Amino acid sequence: MPYQPSKEHLDNQIPNAFKTINVVLKDLRASTGADERYISMMLDALARDWEQKSTSREGFGFR
C-alpha cells in the first residue's frame, strides 16, 4: 500500500522537513559557492539513487 500522509504529516512534519532541507542547501551553497544548477544536479542524482533502491514503485500515495 502506498504511503498516505496523515493530516499531521501534511500540516507540520513534511513542510518542516522541506524547510530544514532548504536551510541545509542554502548553507551548502553559501559555504561552497555551488550554484543552483550544481545543487539541482546533486538532488537529481540523489533522487535517482533513492528510486533505484526503492522496493515499491507505487509512489508516495500522491498519485
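Start by selecting K7, which is exposed, with a relative accessible area of 61%. Keep in mind throughout that this is a predicted model.

**The salt bridge at K7**

K7 and D11 meet in a salt bridge, with 2.4 Å from N to O. D11 counts as partly exposed, at 42% relative accessibility. Why are K7 and D11 separated by about one helical turn? Because they are 4 residues apart in helix α1. An α-helix has 3.6 residues a turn, so residues three or four places apart point the same way.

Now select residues 7-32, which make up helix α1. This helix has 26 residues. From its first C-alpha to its last it reaches 37 Å, close to the 38 Å expected at 1.5 Å a residue. Next, pick Q13 and look along the helix. Where does the kink in α1 lie relative to the proline P15? The kink, of about 30°, is at Q13, shortly before P15.

**Past the end of α1**

Select G33. This residue comes just after α1 and takes a positive phi of about 80°.

Then select R29 and E36 together. Their side chains meet in a salt bridge, at 3.2 Å from N to O. R29 is partly exposed, with a relative accessible area of 40%, whereas E36 counts as exposed at 54%.

**Helix α2**

Select residues 36-53 to see helix α2, and then highlight M41, which lies in it. M41 is partly exposed, with a relative accessible area of 40%. Y38, M41 and M42 make a nonpolar surface patch of about 290 Å².

Move on to D49 and K53. These two form a salt bridge, and their closest N and O atoms are 3.2 Å apart. D49 and K53 are 4 residues apart in helix α2, and therefore separated by about one helical turn. Is each one exposed or partly exposed? D49 is partly exposed, with a relative accessible area of 30%, while K53 counts as exposed at 62%.

**The whole protein**

Finally, clear the selection and show everything. How many helices and strands does the protein have? There are 2 helices and 0 strands. A search of the whole structure finds 4 salt bridges, including K7 with D11, R29 with E36 and D49 with K53.

With the surface still on, note that the protein exposes about 5,700 Å². Carbon and sulfur atoms supply 58% of that area. Of the 63 residues, 6% count as buried.

Note on methods: Residues numbered from 1 in each chain as written. Predicted model: local features only at pLDDT ≥ 70, side-chain atom pairs only at ≥ 80, totals over all residues. Heavy atoms only, no water. Patch = residues over 30% accessible without salt bridge, like charges linked within 9 Å, V, L, I, M, F, W, Y side chains within 5 Å. Areas by Shrake-Rupley, 256 points an atom, 1.4 Å probe, with all protein chains shown as cover. Buried < 20%, exposed > 50% of the residue type's maximum accessible area, 1.4 Å probe, protein only. Expected span 1.5 Å × (residues − 1). Bend = angle between axes of the 7 residues up to and from the residue.
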